[in-house]
Amino acid sequence: MDNRAGEMQVFTRVVEAGSFSEAARLLQMTPSTVSKLLNRIEQRLGVRLLERSTRRLSLTDEGQIYYERSLGLLAELDDIEQELSKGAASAGGTVRVNASVAFGVLGLEPLLPAFWQAHPNIIVDLSLSDDIIDLYMERTDVAFRVGSLQNSTMMARRIGVARRKIVAAPAYLERHGMPQTIEDLGQHNCLGFNFRRMAPVWPLRESGRIVDRAVHGSLVANNGETVRRMAIAGVGLARLGDYHVRADLAAGRLVEVLASAVEGDEEEINALYLGGRRLAHRVRVFLDFMAPRLQGFLQQR
């Protein structure tokens, strides 16, 4: 009997558990049975999926593709069974979503009540973090990413563009003065981030070209919301996405500075997801609902 779906379940569990013995314990199988199943898959495909060592397992390029496709197929099988058991018109299941703190709070969360009105049987498992996660290892269906995308086998749906602004509280500017040129930033407390991918520089326009201007300040944080709150408290200058400070600028809690210096300073926002053409129905429903509404959110001024 052909039980490739069962073999895929074993394979994905081995990848996520990181060892045959732990996967066997979770699956209530023996390690030798798990090992034989993995060998059977590799022999049938004629490729090696896992590199084995005494310390760890690692995916080969072929194994990465097989793992991704297996997740999509298994999710689709779950969707089929759920739709047939609850009725074909009723999409259900859990969609695991990751987003940055600001984009999640300001963009995603306000849309959730309307989403649940349209799709009451879908559970949204939402995690907010400005760290870049591994969708495979964190078992995440959709991740909204701010910034350029790395080469990946994952699919992406473009949401829009976040334009950066340099902002400060009126009280801070009263104490320290309004910066008139980018050279003035050297005399100001510039709040930043502690991500490994973030260098302590701000890309700014100078004499018609973009230069990376080194900045320094009393705070580096792992999320934009902390930086925003400290800017409102009058601690220093912050460089944040326009959607993040839109309400603060309108209310006068923050003021934009050096607007011409950040002209063209923008980053794309994309929804990354697994599954490709075999995207799970519940995930497709979520993306189809959220994408156009989030595009409209980013286009507001």
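Let's start with burial: a residue is called buried when its relative accessible area is under 20%, exposed when over 50%, and partly exposed in between (1.4 Å probe, protein chains only). This is a predicted model, where local features need pLDDT of at least 70 and side-chain atom pairs count only at pLDDT 80 or more, while totals for chains, interfaces and linings use all residues. Residues are numbered from 1 along each chain as its sequence is written, and side-chain values use heavy atoms, with hydrogens and water left out.

Now to the charged pairs. A salt bridge here is a side-chain nitrogen of Lys or Arg within 4 Å of a carboxyl oxygen of Asp or Glu, and the count comes to 13.

Take R25 and E22, whose closest N and O atoms sit 2.7 Å apart in a salt bridge. They are three residues apart in helix α2 (residues 20-27), so about one helical turn separates them. Helices (H or I, at least four residues) and strands (E, at least two) are DSSP runs, numbered from the N terminus. R25 is exposed at 54%, whereas E22 is partly exposed at 28%.

K165 and E256 also pair up, with 3.5 Å between the closest N and O atoms. Because K165 is in strand β6 (residues 155-168) and E256 in strand β12 (residues 255-257), this pair ties together parts 91 residues apart in sequence. K165 is partly exposed at 22%, and E256 is partly exposed at 29%.

Finally, look at helix α8 (residues 224-232), which holds both E225 and R228. Their side chains meet at 2.6 Å, N to O. E225 is buried at 19%, and R228 is buried at 17%.
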